[in-house]
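Please read them with the structure open.

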Amino acid sequence: MANAQDASISVVQTQAFADQQPGTSGLRKSVGRFQEAHYLENFLQSLFDTVPGLAGETLVIGGDGRFYNTTAIQTALRMAAANGVARVLVGRHGILSTPAASCVIRKNKAEGGIIFSASHNPGGPEGDFGVKFNHRNGGPAPEAITEAIFAASQGITEYKIIETEDVDLSRLHGTQLGEMTVQVIDPVADYADLMESLFDFERIRDLLFRDDFSLCFDALHAVTGPYAEEILGRRLGARSSGLINCQPKEDFGGGHPDPNPVYATGLIERMGEPEGATFGAASDGDGDRNMVMGRNFFVAPSDSLAVLAANARLVPAYEAGLAGVARSMPTSQAVDRVAKQLGISCFETPTGWKFFGNLLDAGKITLCGEESAGTGSNHVREKDGLWAVLFWLNIVARLGQTVEAILRDHWLTFGRDYYTRHDFEGLDKGKADDLMAGLRESLPRLEGQSFAGQTVAWADDFAYTDPVDGSVTAKQGIRIGLTGGGRIVYRLSGTGTAGATLRVYMEDYEGNPDRHDLDTQERLAQIIRAAHEIAKIQAFTGRDQPTVVT
Ligand code: G16
């Protein structure tokens with residue numbers, strides 16, 4: 001094998017794989033699939049062929065540290081060198097959280113970034129792996145690019161790679177790989193500096209030292225561990241006992257790196273202890289999702305977005321106010337009410353962070369978020385888990401209230417949007433497609449019909465016209481509005497790797513403060529029944545209960 005400096009380019013013959021179409025967030029498959037000969041190389045070559053501007057420019061590479069991360073990074077480095085990339089910035093140990101990658105791309109004016117992650121999906125040899133491409137604004141590549149990569153992958157016959165030794169990723173240094181410069185960078189520093197520039201660290205530090213306040217952050221053995229230790233620990237002074245599961249592991253310690261009450265069990269336990277924490281938070285596999293909770297009090301992601309929007313002026317970075325906000329279509333309408341009161345625009349986009357990019361770039365919005373535990377702003381072009389936690393800490397520090405009190409005050413002002421998502425996982429793909437086709441076919445007849453006592457006011461198949469570039473994205477989910485003001489949404493997940501997952505989102509508005517304390521499932525029981533009837537869920541899937549309720 002040649003040493004790194006004088007490596008020559010090999011052209012390897014290959015054949016196309018039919019299943020390389022990126023989903024909601026990049027190409028996500030089982031590790032086993034990615035380990036098949038040429039599978040990763042084909043996709044990367046398709047990327048280099050589709051985005052020719054990468055040649056001669058800077059590329060950022062990193063991942064969430066899951067199993068296969070460093071193998072994939074060494075392959076990407078060799079292929080980048082063979083495809084004429086001038087310089088690569090790669091995180092030490094191959095680590096870059098998704099928001100940190102976005103930050104590094106923007107700060108260094110890189111032409112793009114390759115992020116290896118399957119986000120909140122489980123890791124390890126039996127788990128999932130994934131690859132995402134972010135373009136020069138730091139955000140996920142828009143559909144036009146991901147579709148072009150897929151098209152290229154379908155006609156691929158060869159890829160280019162150089163044969164060299166591995167790059168040492170364990171220390172900060174610069175080296176050459178053929179003609180290409182490789183810089184192994186601190187994965188945390190730039191991101192931590194950015195966070196410090198956005199929030200009032202002094203006030204947060206004071207909050208963390210208060211006797212009546214105690215923080216517990218659960219990194220779920222995923223990528224945010226080192227970020228939390230630097231930012232919450234070293235820069236803000238959080239006690240190390242309050243930072244749990246911060247050692248990243250290739251299989252996330254066997255856990256499921258999805259920050260919700262079902263999977264963040266360590267955190268939930270801590271929060272329930274008599275002397276437990278008063279403020280709890282967690283992030284996911286690649287650090288872009290977040291969960292925030294008070295003592296025995298979970299903040300629903302849709303509510304979280306609304307609270308951040310309503311209190312944004314308390315945070316230094318947003319004290320001048322918000323240009324506008326956006327939410328993905330299935331996210332509850334709580335933030336719409338805040339936008340209305342603030343007199344700013346609220347955009348409704350399809351599921352997928354990529355749809356916020358144009359709005360952010362054009363300055364039409366400052367904050368955005370999704371029901372799937374993602375919140376972010378114009379500081380990067382990805383959703384950002386730790387940023388959301390710091391935002392909440394900044395608000396708590398300014399208001400001097402508990403998380404629960406802040407939520408209750410919010411509901412008093414704006415009313416409460418009861419909200420739940422029911423997932424039907426592991427469905428037969430054909431049956432799930434039939435269910436959606438059946439719904440689409442029934443759309444013209446639904447208006448005026450009643451199901452479980454709920455009458456349909458309107459129904460459509462959500463299509464989005466990007467207000468910046470005019471591109472149209474159709475078939476993004478079935479929306480059903482009820483005469484009482486409730487809403488039901490159906491769509492199939494775009495991030496699963498086996499079978500199909502039907503997601504059913506249900507919500508209803510409650511303006512009466514005496515009814516803000518109800519159990520969500522009970523409050524929405526009728527709408528849930530109606531949702532089952534409208535889509536004939538049992539008839540199509542054989543299931544009468546969801547597998548996951550959030
Ligand atoms: C990805 C996307 C999000 C999306 C989520 C859920 O998140 O980036 O924008 O909301 O998937 O997608 P689905 O409902 O299609 O499974 P992540 O954190 O997996 O990258």
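1. Helix H2 is mostly covered. Ten of its twelve residues are buried. They are Tyr 39, Leu 40, Glu 41, Asn 42, Phe 43, Leu 44, Gln 45, Ser 46, Leu 47 and Phe 48. The helix covers residues 39-50. From first C-alpha to last, H2 reaches 17 Å, close to the 16 Å expected at 1.5 Å a residue. Bear in mind here and below that this is a predicted model.

2. Next, the packing of H13 on H14. Helix H13 takes in residues 385-399 and helix H14 residues 403-414. The two pack at an angle of about 85°, and their axes are 10 Å apart. H13 is therefore roughly perpendicular to H14, since angles of 65 to 115 degrees are classed that way. On the H13 side, the contact is made by Trp 392, Ile 395, Val 396 and Leu 399. On the H14 side, Val 403, Ile 406 and Leu 407 make the contact. By class, that gives seven nonpolar residues, no polar ones and no charged ones.

3. H13 also packs with helix H7 (residues 201-209). Here the angle is about 75° and the axes lie 9 Å apart. H7 and H13 are therefore roughly perpendicular to each other. H7 contributes Arg 203, Ile 204 and Leu 207. These meet Leu 390, Leu 393, Asn 394, Val 396, Ala 397 and Arg 398 of H13. The contact of H7 with H13 divides into six nonpolar residues, one polar and two charged.

4. Is Arg 487 buried or exposed? Arg 487 counts as buried, because its relative accessibility is 4% and the cut-off for buried is under 20%. The residue lies in strand E25 (residues 487-492). What does its side chain reach? The side chain of Arg 487 comes to 2.7 Å from the backbone oxygen of Met 329. It also reaches the backbone oxygen of Thr 331, at 3.1 Å.

5. Ser 377 is worth a look in strand E18. At 1% relative accessibility, Ser 377 counts as buried. Its side chain makes a polar contact of 2.6 Å with the side chain of Tyr 318. A polar contact of 2.7 Å links the side chains of Ser 377 and His 379. Leaving out residues up to four places away in sequence, Ser 377 touches Tyr 318, Leu 360, Thr 366, Leu 367 and Trp 387. Ser 377 and Ser 25 are 352 residues apart along the chain, and their C-alpha atoms are separated by 18 Å.

6. Ser 372 sits in the loop between strand E17 (367-370) and strand E18 (374-377). Its relative accessible area is 12%, so Ser 372 is buried. Which residues does Ser 372 contact, leaving aside its neighbours within four places in sequence? They are Arg 289 and Arg 421.

7. Two backbone angles deserve a check. Most residues other than glycine have a negative phi. Ser 119 has a positive phi, near 50°. Ser 119 lies in the loop between strand E5 (112-116) and strand E6 (128-135). With a relative accessible area of 4%, Ser 119 is buried. Phe 252 is not a glycine either, and its phi is positive at about 55°. Phe 252 belongs to the loop between strand E11 (243-244) and helix H9 (265-272). At a relative accessible area of 2%, Phe 252 is buried.

8. Last, Ala 82 in helix H3 (residues 69-82). Ala 82 is buried, with 7% relative accessible area. Its contacts, leaving aside neighbours within four places in sequence, are Ile 9, Lys 160, Ile 161 and Ile 162. Ala 82 and Asn 311 are 49 Å apart in space, C-alpha to C-alpha, and 229 residues apart in sequence.

Conventions: Residues numbered from 1 in each chain as written. Predicted model: local features only at pLDDT ≥ 70, side-chain atom pairs only at ≥ 80, totals over all residues. Heavy atoms only, no water. Helix = DSSP H or I, 4+ residues; strand = E, 2+ residues; numbered from the N terminus. Expected span 1.5 Å × (residues − 1). Buried < 20%, exposed > 50% of the residue type's maximum accessible area, 1.4 Å probe, protein only. Axes fitted to C-alpha atoms, helices over the stretch in contact; angles between N-to-C directions. Parallel < 35°, antiparallel > 145°, perpendicular 65-115°, else oblique. Contact = heavy atoms within 4.5 Å. Nonpolar A, V, L, I, M, F, W, Y, C, P; charged D, E, K, R; others polar. Polar contact = N/O pair within 3.5 Å; in protein donor to acceptor, adjacent residues only side chain to side chain.
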